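Please look through the sequence and the model below before reading on. The paragraphs that follow start from a single residue and then widen to the whole chain.

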Amino acid sequence: MEWSIRLLACLVGVLLMGSLVRTKRDTTGNLVNTEVHSAPAQRWSMQVPAEVSAALGEATVLPCTFTHPHRHYDGPLTAIWRAGEAYAGPQVFRCAAARGSELCQTALSLHGRFRLLGNPRRNNLSLRVERLALADNGRYFCRVEFSGDVHDRYESRQGVRLRVTAAPRIVNLSVLPGPAHAFRALCTAEGEPPPALDWSGPALGNGSAAVPGPGQDHGHQVTAELPALAQDGRYTCTASNSLGRAEASVYLFRFHGASGASALALPLGALGLKALLLLGVLAARAAARRRLEQPVAQDTPPRPQAQESNYENLSQMSPRDLPTAACAP
């Protein structure tokens, strides 16, 4: 009888798969009672950090580990990472492992920059991201799917936020015509944190006004406008954030001829031989204009107007053929 009771207790322990069976006996060794304590069942869960931060151009790892209720599962599985939105965002990485294999064969790696660093068989889906770009900023969600004897899947709901940091960089500086022969300047810069933009120049009394830029929706690109350039001279745009600063300048020169006012804007980055040629041409034109303003005889034929040209041809033109207006970004 006692032997049969012990066998029954053993069978119950096997059937409960992880449950703890305790028996009590009296002083003579006879069985008094049996207590069964069920171990807590493991549930689906995923552990990811709230945020991962890395510098532009470098590599980083998005950690992700998980637990599941299927003990010793060795069937086929798929590991997935998506961006932007849980369950519906576009996939940036996907790999699949065959039954019993620890090798997860890559099926998708966006731009070839995503690589699985963890081992899904060991409950690790950590992902390495190479050559970080500012466009990589956002949330990423890990997911695992079982497709063998057990069909089950789980995905992180909160995800991990990837923050790519970068010092400021000015990506565009331009001067555009405005009403009443006026001109305005636009400066666009990118960085993370988004940089602050400031204008400086001769007699800046109207300050600078921020306007939406073409990349403003990404959160790392900003644009500032200088509504009116009141005087000729050098105008400088400065972009700064906690990681550094950058600046770029543009020179504005206005000419007043018989046909009205025109201007030439020269970015500071283009200064060099062309700038020296340009300054020499401007000086020659000013001297020619002064000669034209002196009294001349009535029968003197009028001097022909200069034809418009572009900045690239300035070095091949004589002072008489100079443009009345040219604007380079």
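E145 is found in strand β12, where helices (H or I, at least four residues) and strands (E, at least two) are DSSP runs numbered from the N terminus. The model is a predicted one, in which local features need pLDDT of at least 70 and side-chain atom pairs count only at pLDDT 80 or more, while totals for chains, interfaces and linings use all residues. Residues are numbered from 1 along each chain as its sequence is written, and side-chain values use heavy atoms, with hydrogens and water left out.

Setting aside residues up to four places away in sequence, E145 touches P76, L77, T78, I80, D152 and R153, a contact being heavy atoms within 4.5 Å. The side chain of E145 also makes a polar contact, at 2.8 Å, with the side chain of R143; such a contact is a pair of N or O atoms within 3.5 Å, of which, within protein, one must be able to donate a hydrogen and the other to accept it, and residues adjacent in sequence count only if both atoms are side-chain atoms. Between the C-alpha atoms of E145 and E155, which are 10 residues apart along the chain, the separation is 8.7 Å.

One of the residues that E145 touches is T78, which is found in strand β7. T78 counts as buried because its relative accessibility is 17%, the classes being buried under 20% relative accessible area, exposed over 50% and partly exposed in between (1.4 Å probe, protein chains only). Beyond its neighbours within four places in sequence, T78 is in contact with R94, C95, A96, R143, V144 and E145.

The loop between β6 and β7 holds H68, which at 11% relative accessibility counts as buried. The side chain of H68 reaches the backbone oxygen of H70 at 2.9 Å, and, not counting residues up to four places away, H68 touches Q42, R43, W44, Y73, N123 and F146.

A pair of aromatic rings is described by the distance of the centres and the angle of the planes. A search of the whole structure finds 4 aromatic pairs, where rings of Phe, Tyr and Trp (its six-membered ring) pair if their centres lie within 6.5 Å, and planes under 30 degrees apart count as stacked, over 60 as edge-to-face and the rest as tilted. W44 and Y154 form a stacked pair, 5.5 Å centre to centre with 5° between the planes. This pair links distant parts of the chain, with W44 in the loop between β2 (31–37) and β3 (45–47) and Y154 in strand β13 (residues 151–155), 110 residues apart. W44 is buried, with a relative accessible area of 16%, whereas Y154, at 23%, counts as partly exposed. The rings of Y73 and F146 have centres 4.1 Å apart and planes at 20°, so this pair is stacked. Y73 lies in the loop between β6 (65–67) and β7 (77–83) and F146 in strand β12 (residues 138–147), so the pair ties together parts that are 73 residues apart in sequence. Y73 counts as buried at 15% relative accessibility, and F146 counts as buried at 3%. W44, F66, Y73, F146 and Y154 form one aromatic cluster.

What of the nonpolar interior? A nonpolar core is a set of buried Ala, Val, Leu, Ile, Met, Phe, Trp, Tyr and Cys residues joined through side-chain atoms within 4.5 Å. Of the 32 residues in the largest such core, L62, W81, F93, L125 and Y140 touch the most other members. The elements that give two or more residues to this core are β4 (51–55), β7, β8 (91–97), β10 (114–116), β11 (127–129), β12 and β14 (160–177). Apart from it lies another core, of 18 residues, among them L173, A189, V222 and L252.

In a regular strand the side chains alternate between the two faces of the sheet. Strands β4 and β14 run parallel and are joined by 5 bridges, and E51 has R161 in β14 as its bridge partner.

Taken whole, the protein has 2 helices and 22 strands, and buried residues make up 35% of its 329 residues.

Technical notes
Pairing = 2+ DSSP bridges.
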